[in-house]
Structure formats: C-alpha cells, structure tokens
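Hello,

Here is the structure I promised to pass on to you.

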Amino acid sequence: MSLQGITIILGLMIFTGGVTALLRPELICRFVELFPRSSIPAWIFTALCCWLGGREAQAMNMGSVGVIKPYIPVMSAVVFFSSVVFMKELLAPRALGGFLLLIAVPIVRTASMSGAPAFQILVGLVYLWIILGIILLMSPWYFRKFYEPFLKNKRLLKMATLTKTALGIILLMLGIFVY
C-alpha cells in the first residue's frame with residue numbers, strides 16, 4: 001500500500017473516532033471502561049499480531065534457519081491458539097500494545113522508502129504509538145490509568161476529542177494533498 005493510502009486510512013480512522021467521541025461521548029466512555037477485560041478485542045488483536053508477526057518473519061532473512069519459513073503460518077496459528085487457550089490474563093490492552101508495535105513496521109518502512117515530502121510527520125506519529133505500544137505491552141493497567149482523567153472530566157474529554165478530530169483532518173489533508 002502507498003504512503004498516501006496509509007495516511008488517508010489512518011486519518012479517516014482517527015477522524016471517525018474523534019467525531020464519534022464528540023457526538024456520543026457516553027458510548028466511548030462505556031467502551032473504554034469495558035475494553036481492558038474484553039476477550040473479543042483481545043482475541044482479534046492477538047490474531048492480528050500473529051498474522052503480522054508471521055508476515056514479518058516470512059519477509060526477513062533468516063540465514064541458516066530459513067528452512068523453517070514454510071512452517072511460519074502453522075507456527076503463527078499455534079501461537080494464536082496457545083495464547084487464547086493457555087493465557088489466563090490475555091488482556092485487550094496488552095494485545096493492542098503488541099498490535100501497535102507490529103503494525104508500525106510496514107508503515108515506517110513504506111514512509112521511509114517513499115521519499116515523499118514531510119513523511120517524517122507520519123513517522124513521528126508512529127513512533128509515539130510505538131512508545132504507547134511498549135507501555136501497554138509491558139504494563140496493560142496503564143490503559144485504564146491513562147483514560148481515567150478523560151472519563152472523569154468532561155471538559156478534558158471534549159478537548160481531547162477535538163484534538164483527535166483535528167489530527168484526523170490533518171492526516172487526511174496530508175494524504176490527499178501532500179503524499
């Protein structure tokens with residue numbers, strides 16, 4: 001996918017999330033409260049992590065261990081199944097953290113190889129979510145700790161959603177007019 005496509009998709013997702021939070025803040029607050037212990041998002045993000053990890057493993061040069069490449073899809077499926085069955089505390093924020101880390105790889109690769117002007121804006125945003133991904137992967141309880149002030153203070157929530165909506169618009173404009 002091109003840098004333009006990636007930026008437009010990210011811009012649309014961020015814009016939609018911001019507008020939804022502006023129009024239905026109670027819906028977003030309820031989702032954020034339920035997310036940390038939800039098993040369905042944890043399974044979805046874990047499946048995406050296994051798929052992305054397998055995809056990156058297929059693309060890497062493994063040298064003498066390259067003979068295992070044909071088995072990577074099977075290994076990804078086994079890791080997913082094992083994670084879902086045997087991890088007692090498969091938390092959605094932890095799986096989200098892993099997903100943020102893994103999805104950053106193709107985005108940064110595409111941006112750095114594009115040669116597009118101002119590609120550093122998208123790369124900077126991705127590096128911020130890499131930091132968030134590391135925090136969530138290592139300490140998933142920070143998800144709740146991060147969102148509590150927004151849930152308790154309606155004015156802060158509104159400012160954050162306006163900022164998120166503006167960021168979505170900026171990314172859309174970058175994707176449409178610059179990249």
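This is a predicted model: local features need pLDDT of at least 70, side-chain atom pairs count only at pLDDT 80 or more; totals for chains, interfaces and linings use all residues.

Residues are numbered from 1 along each chain as its sequence is written, and side-chain values use heavy atoms, with hydrogens and water left out.

Is Ser 83 buried or exposed? Ser 83 counts as buried because its relative accessibility is 14%, and buried means under 20% relative accessible area (1.4 Å probe, protein chains only). A polar atom of the Ser 83 side chain lies 2.8 Å from the backbone oxygen of Val 79.

Ser 83 and Val 79 are both among the residues lining the second largest pocket, along with Thr 46 and Arg 94. (A pocket is an open set of points on a 1 Å grid over the protein atoms alone, where a 1.4 Å probe fits, with protein on both sides within 12 Å along at least five of seven lines; lining residues have an atom within 4 Å of a point.) This pocket holds about 150 Å³ of space, a volume being the space filled by probe spheres set on the points, which are joined across faces, edges and corners. Helix α3 gives the largest share of its lining, 3 residues. By class, the lining has 7 nonpolar, 2 polar and 1 charged. (Ala, Val, Leu, Ile, Met, Phe, Trp, Tyr, Cys and Pro count as nonpolar, Asp, Glu, Lys and Arg as charged, and the others, Gly among them, as polar.)

Now for the largest pocket, with a volume of about 2,000 Å³. It is lined by 42 residues, and the closest to its centre are Ile 14, Leu 100, Trp 129, Tyr 147 and Lys 164. Helix α1 gives the most to this lining, 8 residues. The lining divides into 35 nonpolar, 5 polar and 2 charged residues.

Finally, follow helix α5. Its 23 residues (92-114) should span 33 Å at 1.5 Å a residue, which agrees with the 33 Å between its end C-alpha atoms; the expected span is 1.5 Å times one less than the number of residues. A kink of about 30 degrees lies at Ala 104, shortly before Pro 106. (The bend is the angle between axes fitted to the seven residues ending at a residue and the seven starting there.) After α5 comes Gly 115, with a positive phi near 70 degrees.

Enjoy exploring!

Technical notes:
Helices (H or I, at least four residues) and strands (E, at least two) are DSSP runs, numbered from the N terminus. Buried means under 20% relative accessible area, exposed over 50%, partly exposed in between (1.4 Å probe, protein chains only). A polar contact is a pair of N or O atoms within 3.5 Å; within protein, one must be able to donate a hydrogen and the other to accept it, and residues adjacent in sequence count only if both atoms are side-chain atoms.
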